[in-house]
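The sequence and model come first.

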Amino acid sequence: MLRNETVQQLRALRLSGFADALEEQYASISFEELTFDERLGLLVDREVSKRKSSKIERFIRQARFQNSEACVENIHYHSGRKLDRKLILELASCQYI
């Protein structure tokens, strides 16, 4: 009962990544071998990762890109486009900054 209340409280605090990871730890016996600090570290890491991911997704939505899935690796370099693959990859590396 206490476990369920803890997960609900984490969700109420908007710590859904933490809550999801905690539920996974409750469901798996392999986590019982870890120390408290290790388990807590995993929970915090999950929350931080979820927040970063959500932030990036929010920025992408707000930018209203024509194609939010576009990436440098998917550029088509056929001759009609007259793109220099070497130059594009060099710019994508950001070494000029």
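Cys-94 is partly exposed, at 39% relative accessibility. Here buried means under 20% relative accessible area, exposed over 50%, and partly exposed in between (1.4 Å probe, protein chains only). This is a predicted model: local features need pLDDT of at least 70, side-chain atom pairs count only at pLDDT 80 or more, and totals for chains, interfaces and linings use all residues. Residues are numbered from 1 along each chain as its sequence is written, and side-chain values use heavy atoms, with hydrogens and water left out.

**Cysteines**

How many disulfides does the rule give? The count is zero. A disulfide is taken as a pair of cysteine sulfur atoms within 2.5 Å. The sulfur of Cys-71 has its closest cysteine sulfur in Cys-94, 14 Å away, so the gap is too far for a bond. Cys-94 is likewise in no disulfide. Cys-71 is partly exposed, with a relative accessible area of 34%.

**Salt bridges**

The count of salt bridges comes to four. The rule asks for a side-chain nitrogen of Lys or Arg within 4 Å of a carboxyl oxygen of Asp or Glu.

| Asp-20 | Arg-11 | 2.7 Å |

Take Glu-24 and Arg-46 to begin with. Glu-24 lies in helix H2 and Arg-46 in helix H3, so their bridge ties together parts that are 22 residues apart in sequence. Helices (H or I, at least four residues) and strands (E, at least two) are DSSP runs, numbered from the N terminus. Glu-24 is partly exposed, at 40% relative accessible area. Arg-46 is partly exposed too, at 30%.

Glu-47 and Arg-51 both sit in helix H3. They are four residues apart, about one turn of the helix. Is Glu-47 buried or exposed? Glu-47 is buried, with a relative accessible area of 7%.

Asp-20 is partly exposed, with 28% relative accessibility. Arg-11 is partly exposed at 36%.

**Nonpolar core**

The largest nonpolar core has seven residues: Val-7, Leu-10, Phe-18, Ala-19, Ala-21, Leu-22 and Leu-43. Such a core is a set of buried Ala, Val, Leu, Ile, Met, Phe, Trp, Tyr and Cys residues joined through side-chain atoms within 4.5 Å. Helix H1 (2-12) and helix H2 (16-27) each supply at least two of its residues. H2 gives the largest share, four residues. In soluble globular proteins, nonpolar side chains tend to be buried together.

Which residues does Leu-10 contact, leaving aside its neighbours within four places in sequence? They are Leu-15, Ser-16, Phe-18, Ala-19 and Leu-22. Contact means heavy atoms within 4.5 Å.

**Surface patch**

Phe-36, Leu-40, Val-44 and Val-48 make a nonpolar surface patch of about 360 Å². Patches are built from residues with over 30% relative accessible area and no salt bridge; like charges are joined within 9 Å, nonpolar side chains (Val, Leu, Ile, Met, Phe, Trp, Tyr) within 5 Å. Accessible areas come from the Shrake-Rupley method with a 1.4 Å probe; for residues, only the protein chains shown count as cover. Val-44 lies in helix H3 (residues 36-63). Val-44 is partly exposed, with a relative accessible area of 38%.
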